Amino acid sequence: WIFGHPLSFGFDAYSRTRLRSQNLGLGFEEEQQGGGLRFGKEVTDTFRTDTSYQVFRTKISDVVPEASADLKAEEGRSTVSVGGLTLTWDGRDNRFDPTAGGSAFASGDLAGGLLAGDKDFFRLQGGASYYIPHVDRFVLETTARAGIVDAYGDSSEVPIFERFFAGGSNTIRGYRE
């Protein structure tokens with residue numbers, strides 16, 4: 001809460017360097033500097049809305065020759081400027097350790113266009129979770145997420161680091177990250 005009102009505000013500033021392993025076929029170096037602002041409002045006890053803006057500059061270098069064509073196309077410097085809106089409904093009995101109820105969200109991001117930057121793309125995402133109490137202290141969680149991202153305007157491709165991929169800790173199991 002800010003000043004006794006159900007509002008949230010945050011900001012980020014970062015500078016990071018990542019060195020990727022060549023044995024995964026992703027041998028390259030990434031340097032990124034950026035920042036962002038977040039503002040949210042709790043409309044009711046179960047519904048909130050959040051807006052965000054972030055801008056970051058990325059430099060991709062030292063891409064290995066056997067890397068994919070999409071990764072090679074990202075080599076060099078680029079600036080992404082993106083604004084977003086998220087709507088969230090949360091009807092769980094406990095936000096930190098839910099045993100019943102559900103939650104859902106819908107979000108949209110727009111990069112480039114009026115916000116400037118080198119990349120023009122939009123991203124729409126949605127998802128829901130539902131919690132069902134079971135025997136003793138066990139709880140079954142069902143979750144579904146979907147998203148779409150596409151380029152528009154002067155961009156013909158979505159940057160590879162803004163695309164959706166299967167694999168990793170928050171997606172389909174059984175695929176490498």
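So, aspartate 62: it's exposed, with a relative accessible area of 54%. Exposed here means over 50% relative accessible area, buried means under 20%, and partly exposed is in between, using a 1.4 Å probe and protein chains only. Aspartate 62 also has a positive phi of about 55°, although it's not a glycine. You'll find aspartate 62 in the loop between strand E3 (47–61) and helix H1 (69–73).

Before I go on, this is a predicted model: local features need pLDDT of at least 70, side-chain atom pairs count only at pLDDT 80 or more, and totals for chains, interfaces and linings use all residues. Residues are numbered from 1 along each chain as its sequence is written, and side-chain values use heavy atoms, with hydrogens and water left out.

Now alanine 116. Which loop holds alanine 116? The one between strand E5 (101–111) and strand E6 (121–133). Alanine 116 isn't a glycine either, and its phi is positive, near 70°. Alanine 116 is partly exposed, at 45% relative accessible area.

Okay, zooming out. The protein chain has seven strands and one helix, and from the N terminus the order is β-β-β-α-β-β-β-β. Helices (H or I, at least four residues) and strands (E, at least two) are DSSP runs, numbered from the N terminus. The C-alpha trace spans about 55 × 40 × 30 Å along its principal axes, and 29% of the 177 residues count as buried.

Last bit, contacts, meaning heavy atoms within 4.5 Å. Take those between residues at least 6 apart in sequence: 50% of them join residues at least 24 apart.
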